[in-house]
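Here is a friendly tour of a predicted model, written for a reader who likes to know the cut-offs. Have a look at the structure before reading on.

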2 protein chains.
Amino acid sequence: MKDEFVVIPKATISRLPLYFRVLSELDHVGVPIVSSEEMAAKIGITSSQLRKDLSYFGGLGIRGTGYDVSYLLAKIKEILGMNHHRHLAIIGAGKLGTALAGYGGFLQHNLEVKALFDIDEAKIGWKLGEIEVYHISELKPRKEELKLDIATITVPAAAAQQVTKAAVEAGFKAIWNFAPVRLEVPEDVHVRNEDLVVGVLTLSHHLSRKNQ
Amino acid sequence: MKDEFVVIPKATISRLPLYFRVLSELDHVGVPIVSSEEMAAKIGITSSQLRKDLSYFGGLGIRGTGYDVSYLLAKIKEILGMNHHRHLAIIGAGKLGTALAGYGGFLQHNLEVKALFDIDEAKIGWKLGEIEVYHISELKPRKEELKLDIATITVPAAAAQQVTKAAVEAGFKAIWNFAPVRLEVPEDVHVRNEDLVVGVLTLSHHLSRKNQ
DNA sequence: TAGATTGTTAATCGATTAACAATC
DNA sequence: TAGATTGTTAATCGATTAACAATC
């Protein structure tokens, strides 16, 4: 009750994709029921945390028995918005952008890269399989034509804010940012920063700790 | 005092690369002194948090004045292990692996991709600029020859654990994992998971919330 | 009913923030 | 000295964990 006042912790949301993956595997091999203990062990968290996470979305399990794999899987898909097929735009058809465009793992998550954008005239019109490279000035019309949902920013840091502005003006409400800069966006636009260098520098820090 | 008992929060470590970047820019344009307020504003955090983070490493600022940009920059480099030049191995010479190998941003962080590894005989011997593709069986001798520090895993999920085992046996103590699986490693090996799909599904979740 | 496992509460842990004394 | 800004304390906030009543 009072569902409307319960805030889902960010940490919970970020674990849902992990639950999705474990459940997909179990479902694939035909396992009908799984306990919180089993699932948690596969992911490397406590069963308590898993049950707490799922409890934010109501009683999804069966006491004394466990969780129905295909039911829970369907619920998590729904929560993550995976019942909608999401269309990605990739802005910046460089090495990272084209690598992402070619990534095969999106489809099983109901995600699909539908367009690349760049300013380099030499790249306009290129096709990576089905995916065409358009000029950045076509962002708005192509967004509407191809029903693009998420703008992926893979341009150099210096161009990221400008490109983000264009994406916001084109109507994107979700920005997946690979440029190492803090983007300014209106309140109703979500940004997810994917700053890869942070990860490897964290490792570098641990290496230094170890050797001294 | 009692430095040896103070544990640095993980959240603090993960913000150091952001401080490094802001300080690099300031240093580059010749700004000698910066306040916690100015730096924090550029990053989008509170000045309180920035001062707290830095306080774990001792008194790095000057009361009433601020922080000496080049001194603080040097300190953060040292903490992040950036005074050592780190050599990366990339295991998996697919799209993501080769895109990372070609990323230009590593060098300014004192990181360098020195070798690619793969099992596909057709790729062995390829060169991406200076970087050669070796067979995965050469992991150990090449690690020693090229003084490789960090193993980057960009193979498909199904092969990730096996390849990680080989990296651990070759003596790697740091694993930068892009495969969407939980890797089993000995206690003294650090793993950083870079699960890209988590990020984009988080955005997908927010989009669903909004439209419903 | 007996056994098992969820859902939830309360305790704990860790990270962030506000406020201000210390001090340049 | 007066003004400014750090470094640190204590309060707050949020996330994790342990424990167990509810219930299949």
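What distance separates the centres of domain 1 of chain A and domain 2 of chain A, taken over C-alpha atoms? The separation is 31 Å. Domain 1 covers 3-79 and domain 2 covers 86-198, with bounds that come from an automatic or database domain assignment.

A word on conventions: residues are numbered from 1 along each chain as its sequence is written, while chains are lettered from A and ligands numbered from 1 in the order in which they are written. Since the model is predicted, local features need pLDDT of at least 70 and side-chain atom pairs count only at pLDDT 80 or more, whereas totals for chains, interfaces and linings use all residues.

**Chain A.** The C-alpha trace spans about 60 × 55 × 40 Å along its principal axes. Chain A holds eight helices and nine strands; these are DSSP runs numbered from the N terminus, with helices (H or I) of at least four residues and strands (E) of at least two. Of its 212 residues, 36% count as buried, meaning that 20 or more other C-beta atoms, placed from the backbone, lie within 10 Å of a residue's own.

**The two chains together.** Chain A and chain B each bring 44 residues to their contact, where two residues are in contact if their C-beta atoms, placed from the backbone, lie within 7 Å. On the side of chain A that touches chain B, H8(A) gives the largest share, 14 residues. A rotation of 180 degrees with 0.0 Å of shift along its axis superposes chain A on chain B, with an RMSD of 0.0 Å, by least squares on the C-alpha atoms of residues with pLDDT of at least 70 in both. That is the relation of a two-fold axis. Ala99(A) is the residue of chain A that comes closest to this axis, at 3.2 Å (C-alpha). Because 100% of the interface residues of chain A are also interface residues in chain B, the copies meet through the same surface.

**The DNA.** DNA strand D is surrounded by 29 residues, and among the closest are Pro9(A) and Gly59(B); a residue is near the strand if its C-beta atom, placed from the backbone, lies within 6 Å of it. H3(B) supplies the largest share of this surface, six residues.

The two surfaces divide by class as follows.

Notes
A residue is buried if 20 or more other C-beta atoms lie within 10 Å of its own, exposed if 12 or fewer, and partly exposed in between; C-beta atoms are placed from the backbone.
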